[in-house]
Amino acid sequence: MPPPRTREKALRHRLAELRGPEVEAKALDARALAALAANPGCRRRAILDGAGVDKAVLADALGSPSVFGQSQFAFVRGNAFEAKVKADGGTELLRLAHEKLDRGAEPPAGARVPDLTAQGPRGRTARTELALREAAEAPGAWTLLDHPMLALDVAGSPAFLEPDAVVVHPDGSWTVVEIKSFPMLDGAADPAKVGAAARQSAVYVLALEQVAARLDSAPRVRHRILLVCPKDFSNLPTASAVDVRRQRAVTARQLERLTRIEEIADALPEGTCFSPELPAERLTEAVESVPATYAPECLSACELAFHCRDRARAQDVVTRLGRPVRAELGGLTTIGEVLAAARGEAGDPDDPAVAALRRAAALRAEALGTAAPEVAPCR
């Protein structure tokens, strides 16, 4: 077996071939990782994300453009708000961290803000780990890491992640900071948006735990992250402590279930390439060579969802009805099989799924047969 460094180099070369010649890799961020963890059985998403394929561009080339993306106005507004939160060495951000997470500590004053500049993601990751190590070895002061770089192993391939900030408390513990531009009205924000931020932050917590485990005396990575948002309808920052233990546990479990990327790559036909410059027919053939696991939830998380939904409809598979329905149907994999089983034309009567379908069909027929007759018009 070749040494790990040689295998990693060979995998990077293979993934570059899949991405296409001279196509720049799209970085795998925490939002994409959270979505990938939500659907660990999808080999298509795993290999495309692992190869750094821009799925939005790929969806356009396949004729099923995605609706993902942030408006330029929202992007500028978000950057302006983040700059305001981190102004003056992160004074306001650290004040919020002290108020919401660590009231027992000394108020932040003269916090350390180390320079994390380095060449390339690997260099920035090493510089971040060094800064965290130095902060852990010199407790008693607040430290703010602005846009650190973390690495997380995903299906045998490293993913480089960049949280908005990480705060090191005087006791040496670490907190992830997530800065969002959606408002917090009367102390509460949109639950759906908070949930998405929590899932994203859980990925950062996992990456930080890997860094902590490499230190001699592993610091505590806090499972309550600091979510910073505009207060009401102003541009003033406020914050809330969000517990991400559940999201962290789910994400860790799902990432462990991912098939290793090299196994998926080795199973692909020779010459497979996902470059959007290819003819549509050849590109479609390449994408279809990797099995997908489509579910309606993909529509809110994956740029290829419309393409995969069309294929699921064409193949008549039950996964397009949702994971809960699919789980109840057992070995019935197509809607045609489900209808045939309900009508008594196919299926094992002893199969619980088949028995339930036939019982439901009988109840429906009975209800329709005993429906009340039309009421006579009033005279």
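At 1.5 Å a residue, what should the 15 residues of helix α6 span, and how far apart are its end C-alpha atoms?

1. This is a predicted model, so please read each point with that in mind. Helix α6 covers residues 87-101, and its 15 residues should span 21 Å at 1.5 Å a residue. The end C-alpha atoms of α6 are 20 Å apart, which agrees with that expectation.

2. Do have a look at L94, where α6 bends by about 25°. L94 is also one of the buried residues of this helix, along with G90, L93, L96, A97, H98 and L101.

3. What lies over those buried residues of α6? The cover includes helix α5 (72-85). Strands contribute as well, among them β1 (143-146), β4 (165-168), β5 (174-179), β6 (224-230) and β7 (237-243).

4. Next, turn to H169, in the loop between β4 and β5. H169 has a relative accessible area of 1%, and because anything under 20% is classed as buried, H169 counts as buried. Its side chain makes a polar contact with the side chain of D102, at 3.0 Å. Leaving out residues up to four places away in sequence, H169 touches D102, L101, A141, W142, T175 and R222.

5. Finally, S201 sits in helix α8 (residues 191-214). Is S201 buried or exposed? With a relative accessible area of 0%, S201 is buried. Again not counting residues up to four places away in sequence, S201 touches V176, E178 and I225.

Key: Residues numbered from 1 in each chain as written. Predicted model: local features only at pLDDT ≥ 70, side-chain atom pairs only at ≥ 80, totals over all residues. Heavy atoms only, no water. Helix = DSSP H or I, 4+ residues; strand = E, 2+ residues; numbered from the N terminus. Expected span 1.5 Å × (residues − 1). Bend = angle between axes of the 7 residues up to and from the residue. Buried < 20%, exposed > 50% of the residue type's maximum accessible area, 1.4 Å probe, protein only. Contact = heavy atoms within 4.5 Å. Polar contact = N/O pair within 3.5 Å; in protein donor to acceptor, adjacent residues only side chain to side chain.
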